[in-house]
Amino acid sequence: MGDENGLPGSTSGRPRRPAGGRRLPLRTVLIIVVFVPSITFAPLLASGMNQLFTQWQSEKAQMDLATTTVGRPAANLFFSLDQERRLTAEAQANPRNASRDKLDKQRAVTDKAVSVFRPLATLDAPNAQEGLTEAVIRTVRGLGLLDQQRRSVDGGSASEQKAFDYYSGVIESDLSVLTALSHTEHGEVGIKAQTLVDLFWVIDMLGREDAVLARGWNTGHLSKDEWDLVADAIGTKEHLLRSRVAPSLLPNESQYGTLTASKAWLALTALEERLVTSGTGGETGQVSLREVSGAWRSSVDTISPQLLQVLSLRLDNVSKIGYAHAKTLFVVFMSVSSVGLLALILVIVTSWRLTAVLRRRILHLREEAQELQERLPDVVARLGRGEDVDVDAEVHMVEPTPDELGELGQALNLASRSAVLTAVRQAEQHRGFQRMLQRIARRTQILIGLQLKKLDEMERKHEDPEVLEGLFDLDHLTARLRRYEENLVILGGGQPQRRWRKPVRLLDVLRAAQGEVQDYRRILIEVGGEPWIAERAVGPLVHVLAELMENATAFSKPPTPVEVRAASVSRGIAVEIEDRGLGMEPEQYVAANALMQSPPQLDVMTHADDVRLGLYVVARLAASLGLQVTLRTSAFGGTRVIVLLPTSLVVERPRAVPKPAAVPEEAPTGPQPHPQEDAPPQEQSQLPTRSRGRAMAHVTAPATESPDQGDAPLGPLPQRVRQASLVTELRVPADRDEQTDQENWAVRDQPSRSSATIGAFQRQSRRSRTGDDTFQPRQDGSAEPGSPRTEDQG
């Protein structure tokens, strides 16, 4: 024992609290759970969202500047100044040349490009690339001297080299703008854009060559300085193409290979080599242009459009890569934002919901405690009815928590689960025993079926009355044993296996049930009319009636009779079984009727000593057939059982079944003497005898033929012949003491004679109904549906 702080020596009975000091109230803990995660998560989410949004916005703005806002005006200005540089050089070299008109037109185009580019100096672009604004301003400043330079060229005051240097300087400033545009935050875009800038420089170098060479077309030679400019341009262009452009080409930029392999490019390359070679070998200070003057212009005019196509294709690739990455950033931003906001909302909502749930825990625990005392009896009752019970589904587990409520919930969990588990285990043990019981009973039924088949074969082979008497008694005992084995199957949760394919008369059903009772001689049967029973109900009904007749004979003192009466009623057929025993107490009748109304899942182990196990069998079979079985006090002091067969089990007489033929009449009630030894032979032949496989076939009047032909048509059922089994001295005239067609059963003092007669009558009945009395057993030992033994003995 210890106190609430865990110190020894305390005698307090309260559970110990965890060490660590005073606990916060539950409501305070719930508030902390709700707000602390939300307050912590919200700034982190906002920071991540802001970073992604800023990066996306920056890359998107930079791509817009590089492709449209600044990049396009800068590219147009570059191409305009390049053309104007060449045309200016041609005009200065030959003022009377027709290129003057082209120069004027090109100046107008350049003015348009300049007018579009100038406003970029005041562009407000917070996300612009580093150095872009300075490059734009420097270019606009250079463009401010454009008009002055043009006037100097037109007036002749500007030299060719001065004009060349001016245009080249402005173009370099414009290229610095394009270079700044290539420096984006996305590394891949920057690398691909640098190649694009290199292509602009290649075009610039080619333009420089063209502008310098334009000076010497009229004179046919270049000065040493001019040759140096051309050689530098050629070397720079070749370096850019081989070292920077060619290695960075994309798979779809195959036009570059087409360009460099074209005849115009090869011709241009050859001309450049001649220029470089001629300049290195000359000593006069001048370079001759005679070898290149003819093919230069056509080669440049052919290559320039193709080179622009390669540049345009690279520009498209850079734009796609840049915008694709910006789009990816936007998708990531939206996804993170959506997921983050949903997570934040989920945290808040979930925390709030958990708070509400925890606040209801105390009430829930109280409800669980109240439900426990109601749920456990219901679970036990369901297990008793044979239903499957899922322990996890039936036990409402209370979520354990490390506090007082959690300890109480854990105690409830343990109590509920232990009780249900114990009940389920007991039910599983009971079902396992039932399955074992069924397997044993099924195997025993197979042996019983083989025994019945063997008895039938022996009855066909022997004609000795004494032997037949013993065989018939064994046959009767085996039939009863089969019913007892079926009881085990039914008590084990199974159903009887005997089946019929055709309807059967109720009288035959009652006789079959009577034949399965030990003291069958005490049973008197009386049937009103000739009702027929549906084939599906014959087997279970025979079993039910046999059990009730067995109980009636077992609980009534011999030799008192057991009366069985059957008659049609408005709701079907009523069968009454009445004995003259001691009966039962009123509460026992109530319990028995309740059992018939709702048969429980019988625990055979707990009812092993119950002498009324047959009532459980009756209740189970009656429930499966829809029979109504009622027990009440008899007027004789015993028990009267009423079995009501519903109309669904009653059928019309089959058309193919003929009316019953006359059968040998049983000996009347009371002592019957043996036939006189000195009686005439024809009179002694009137006694029941058995021919092979055709018992009772010749027990009718002498004039009646015995249908012994194997291929004869099916005859009618055997009918009783009045006094056929009596000697001459005991017979009475036919007009005296008329009797009904129903057969009366009474206690006899010659059981050997009665058992032989019943066995013979049963086999003659089989022969008349089926035409063959061979016995065909199933694999499980029961008779084949529709076989003689099946239909006679159920």
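The model is predicted, so to speak of local features pLDDT of at least 70 is needed, side-chain atom pairs count only at pLDDT 80 or more, and totals for chains, interfaces and linings use all residues. Residues are numbered from 1 along each chain as its sequence is written, and side-chain values use heavy atoms, leaving out hydrogens and water.

**The whole chain**
- The chain holds 22 helices and 14 strands (DSSP runs numbered from the N terminus: H or I of at least four residues for helices, E of at least two for strands).
- Of its 794 residues, 45% are buried, meaning under 20% relative accessible area with a 1.4 Å probe, protein chains only.
- Carbon and sulfur atoms account for 56% of an accessible surface of about 41,000 Å² (Shrake-Rupley method, 1.4 Å probe).

**Helix 15 and helix 19**
- Helix 15 (residues 465–491) packs against helix 19 (residues 613–625) at about 65°, with axes 10 Å apart; axes are lines fitted to C-alpha atoms over the stretch in contact, and angles run from 0 to 180 degrees between N-to-C directions.
- On the helix 15 side, N487, I490 and L491 make the contact, meeting L613, Y616, V617, R620 and L621 of helix 19 (heavy atoms within 4.5 Å).

- An open sheet runs in the order 3-5-10 with antiparallel pairing, where pairing takes at least two DSSP bridges between two strands.
- Strand 3 (504–505) and strand 10 (650–651) are the edges.
- Strand 5 (residues 532–533) joins strand 10 over two bridges, and W532 has V651 as its bridge partner.

Key
Buried means under 20% relative accessible area, exposed over 50%, partly exposed in between (1.4 Å probe, protein chains only).
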